[in-house]
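Hi,

Here is the structure I promised to pass along. Have a look at it first, and then read on for my notes.

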Amino acid sequence: MFNWWQTLGRRERSLFVLIILAAVLVTSIDRGFLSTTNLRDILVRGAPIAIVACGVMLVVVSGEIDISVGSLMALLAAVMGLSLSRDHAAWSSGLGLPLILGLGTLAGWATGVLVTVGRVPSIMVTLGLLTALRGLTTIIMRGGNIQNLPDGLTRWTKQGLFGLPLSIWTAGVVLAVTAWIIHRTALGRRIYAVGSSRQSAAMAGLSEGRLKRFVFAYTGFLTALATIVDVPRLPQIEAGIGNELELLVVTCVVVGGVSISGGRGSLTGVVLAIVLMTLIRPMLTFMAVGESGEKWTKAIQGLLILAAVVADHAFAAHSRREPT
């Protein structure tokens, strides 16, 4: 008989137990927590995080990091608004949406080129992009907001299929494709190999540069995809869209057990971390924490990422002490 519990690692089991305990605690206070409406809202909130996290996870597994995804989403949202809104250029969706996907992929690939060809640490490159892209977004939006996206796009992203918004379906497909890349392709094994040992990967004939340019381009593509399926459901496009997305995504990746030094981590752990992180804010709401709920959410997220980093460091130290 298949024992799914045995397939989970230590980090995944801990996250699963935490999610169950939190859900039981909040439900005992207010049964409305498990209502269909609330669960649907939690899925909608977590969908864009899951889409972007699939790319950032592969970046971290390869031994790099990307903290510019929130600013990239803001820039892509602004470009989408300026190209598709009836108040501006009013391109057709058939022309504008591929433009957004291409622009996101190109931005990710350019980041990978700066990291691999320019030999600039990824934390420095993406930290600079975080500020530069946010500033560029403010400039092209001229301090205003963008409204009146095409009705068809807005309706399609809100209604989706079978009562679930398009972002949730898209997140499911992206998770399945990323799992396939990781578990069923040589590409996935090579990304883990590069992150585990650059020297061993080079001796095996693997191209570290091409693999890392791929994971950055994949992240850019997924950020554009998340922008297309999530932003149109909002009342308007603001320059602050995607604010702190990078922190939330990296938190989910690290808390999910992906080693910040690369080469280790599972998609299952990342998904469980996304569920846990997405639950925190509505849990505090149902527990009637009040206006300080946002502050408590950030404090809890910060404590979780600190605990994950300490656990990762302890695991690495334990592995080094083990006899070979």
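A quick word on naming: helices (H or I, at least four residues) and strands (E, at least two) are DSSP runs, numbered from the N terminus. This is a predicted model, in which local features need pLDDT of at least 70 and side-chain atom pairs count only at pLDDT 80 or more, while totals for chains, interfaces and linings use all residues. Residues are numbered from 1 along each chain as its sequence is written, and side-chain values use heavy atoms, with hydrogens and water left out.

Let's start with T278, which sits in helix α12 (residues 267-286). T278 is buried, with a relative accessible area of 4%. Here buried means under 20% relative accessible area, exposed means over 50%, and partly exposed is in between (1.4 Å probe, protein chains only). Setting aside residues up to four places away in sequence, T278 touches I42, R45, G46 and I49, where contact means heavy atoms within 4.5 Å.

Next, helix α10. This helix covers residues 208-230, 23 residues in all, and its first and last C-alpha atoms are 33 Å apart, close to the 33 Å expected at 1.5 Å a residue. (The expected span is 1.5 Å times one less than the number of residues.) Of its 23 residues, 18 are buried, so α10 is largely enclosed by the rest of the structure.

Now the salt bridges, meaning a side-chain nitrogen of Lys or Arg within 4 Å of a carboxyl oxygen of Asp or Glu. How many does the structure hold? There are 3 salt bridges:

- E64 with K212, the closest N and O atoms being 2.7 Å apart. This pair links distant parts of the chain, since E64 is in the loop between α2 and α3 (69-84) and K212 is in helix α10, 148 residues apart. Both E64 and K212 are buried, K212 with a relative accessible area of 4%.
- E208 with K212, again with 2.7 Å between the closest N and O atoms. These two are 4 residues apart in helix α10, so about one helical turn separates them. E208 is partly exposed, at 21% relative accessible area.
- D230 with R233, at 2.7 Å, N to O. D230 is buried at 8% relative accessible area, whereas R233 is partly exposed at 28%.

E64, E208 and K212 are linked in a network of salt bridges.

Helix α8 (residues 186-196) is worth a look too. Its buried residues are G188, I191, Y192, V194 and G195. Seen down the axis of α8, they fall within an arc of 160 degrees, so they line one face of the helix; the arc is that of the directions from the helix axis to the C-beta atoms. They pack against α2 (36-61), α7, α9 (198-203) and α10. On the face turned away from that buried side, α8 carries the exposed residues R189 and S196.

Last, a loop residue. E238 is in the loop between α10 and α11 (245-255), and at 38% relative accessibility E238 counts as partly exposed. Leaving out neighbours within four places in sequence, E238 is in contact with M141 and N145. E238 and L267 are 29 residues apart in sequence and 31 Å apart in space, C-alpha to C-alpha.

Cheers
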